[in-house]
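These are my notebook entries on a structure that I looked up. I record each item in the order in which I examined it.

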Amino acid sequence: MRVFVDGVAVNGPGLPDWEHACRVLSGCAPYTAAPAVMPAAPQLPAGERRRASLPIKFAVDLAAQAAAHAQADPEELGVVFGSANGDLHTVHQICEALAQPEREVSPTRFHNSVHNASAGYWSIAVKAALASTSVAAQDDTFAAALLEGVMQVRAEGLSIMLAAYDVPGPPPLACACPTLAAFGVALVLRPAQTRMSRWWLEASVREGPPVATPMTVPELEGLRAGVAAARALPLLSAMAGQKPSNVDLAYAEDRRLHVELSPCA
Amino acid sequence: MEPLVLTHYTLTNCLGPGIAATRQALHQGTSGLRPCDFMDIALDTFIGRVDALEAVEIAQPLVAFDCRNNRLAQWALSQDGFELAVRDARARYGADRIAVVVGTSTSGILETELAYRIRDVDSGQLPSSFRYRYTHDTYSSAAFVRAYLGLQGPALAISTACSSSAKAFASAYRMMAAGICDCAVVGGVDSLCGTTLHGFASLELVSRRPCRPADATRDGISVGEGAGFALLERLPVGGGQAPVALLGYGESSDAYHMSSPQPEGRGAEAAIRAALERAGAAPGDIDYVNLHGTATPANDSAEDCAMTRVFGNATPCSSTKGWTGHTLGAAGITEAIIGCLCVVDGFLPQSLNTEELDPDIRGQVLLESRFVPVSRVVSNSFGFGGNNCALVLGRAS
């Protein structure tokens, strides 16, 4: 299943945007750890921005950056968002409220608590009225979301805004559900090559064992292993490398998603 | 699109375990809703609670998955010979060629709610017995279903609020079309919890009475719980329950508001039209529409706008939430399977609890059930975030 990648965005510790990440991942610049930058998400209408939680802003900002990088009109993109845990901050606030005698749940927090809140806010911000989905598969969430995106491109002929993100929750949830750092990636996938297409990728599900391509820089390998969305790092490295490469991502517990990637001529 | 046959299916909700309970209640016009008696939740509302979940025991090797949501999933999977049908499919296709796609909105969040009630006073820590990954994690129910059925194919959890398990059909179709599996177990499960009961109450979207879809005085939903699963195959092999197939699906977004539908139902209309187009069906080919019909003033009104623009006012329609309540992430699968029963039984269910039809609603809402031949039905599912999905189901021929 071949698709074209017109745009990419990334945000994570020491990888604040694609331009910088590209230099680090291609070995042109050293990796320097720094906390991920939490964006203000100016793309959201004022009311939505006020109501949006941290993970929602994080995801919306990624998608906006990828759309800009692809010079794509976001209205024309279907939406596939993936997150292992969604919004643990909102879950925490709701569960805290439900543990009080009054049990007063804020209506805004309640509608923010759905897993597809980020995808919903994004669709409202950019008036994206096509299909939109929100998926999860624990540590394999990026692979599952990429596969769903690629299948939508192939089966529906749609262009897709694919985003995968995870943001650590507050204590005590953070202990029960550990995520090393905030990390996210977004890709604009196209069914056919455009003047903006930078890479093509071919995805296929392969038999196990699920040996994922690791990162060579220890800090980046730690990030890859510690955040579900950062399982995208080997693919991002291949993109930064600007040469034909093969990447394996763990998928469906005991299988792998094999991705062949090449820069577009 | 190539039709995919629902060779086997199963359904459990407040009407009882298994298809027979839902079928009997539909035919007899008996609701499963009751005054809220869920745990210690003191809300003046009606709910669709599944009896006996407290006594369900999770199969021994999977006991780490124990929570209300996975109990409900297992309770449903163990009805209607569904496990046997999957075992048979496993023998024919191989465990690695059968996908699992499960829709859920809140997964096992009740476990987290309960853990927060007994946090350590000094440290604030959650109890050591709390197992987030196996209970509340969005993928937990997909992982549980996959392990319980002994499957090893592609797996995905879809969580788009109340359209989740309708969209599971679309994703499973794409997996089969892409050739990464030969058949799929699709379905959904959502169970009662404080988050949804108090959350919908905070939005002033729950009724104090059993929900009354399309009624002039409708005033909100009745939160329910339920689970349903279907085995989707290319060809009916080995004698399934019913010759009903997924003929089309349509997905869209309102791009309007997080918790209110676009008032004219523009997003809903786009999903319905896309489903019809994919099915190669004209609006006149549809014998019945199972409405999302939550019984909130906004939903039923917006959905009616979409309905009348697509179908005019001649196509019979109704919401079955007066029977089951709103099973949220399980609503899509619940109502898809009810759609199958409509085709198999030649039965169109009334809009249960509707006393006085809203004069502003122009669609042909059924106030009495009828037995008539049914070939094709549409099932609507809409969720928070303006997420819409419509399915076309019908005779496979």
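**Entry 1: strands across the chains.** I first noted that two strands pair if DSSP finds at least two bridges between them. I also noted that helices (H or I, at least four residues) and strands (E, at least two) are DSSP runs, numbered from the N terminus. The model is predicted: local features need pLDDT of at least 70 and side-chain atom pairs count only at pLDDT 80 or more, while totals for chains, interfaces and linings use all residues. Residues are numbered from 1 along each chain as its sequence is written, and chains are lettered from A and ligands numbered from 1 in the order in which they are written.

I found that E3(A) and strand E6 (residues 155–158) of chain B run antiparallel and are joined by two bridges. In this pair, A:Val135 stands opposite B:Ile158 in E6(B).

**Entry 2: the contact between the chains.** Chain A gives 50 residues to the contact and chain B gives 50 residues. On the side of chain A that touches chain B, H7(A) supplies the largest share, six residues.

**Entry 3: the nonpolar core.** I counted a residue as buried if 20 or more other C-beta atoms lie within 10 Å of its own, exposed if 12 or fewer, and partly exposed in between, with C-beta atoms placed from the backbone. A nonpolar core is a set of buried Ala, Val, Leu, Ile, Met, Phe, Trp, Tyr and Cys residues joined through C-beta atoms within 7 Å. The largest such core has 244 residues, and B:Ala184 and B:Leu391 have the most contacts inside it. Helix H3 (residues 54–70) of chain A provides the largest share of this core, ten residues. Leaving aside neighbours within four places in sequence, I listed the contacts of B:Leu391, among them B:Phe169, B:Tyr249 and B:Val378.

**Entry 4: a helix of chain B.** The expected span of a helix is 1.5 Å times one less than its number of residues. Helix H10 (residues 297–311) of chain B has 15 residues and should therefore span 21 Å, which agrees with the 21 Å between its end C-alpha atoms. Its buried residues include B:Asp300, B:Cys305 and B:Phe311. After H10(B) comes B:Gly312, whose phi is positive, near 70 degrees.

**Entry 5: one loop residue.** Is B:Asp51 buried or exposed? B:Asp51 is exposed, because 11 other C-beta atoms lie within 10 Å. B:Asp51 lies in the loop between strand E4 (46–48) and helix H2 (68–77) of chain B.

Definitions and conventions: Two residues are in contact if their C-beta atoms, placed from the backbone, lie within 7 Å.
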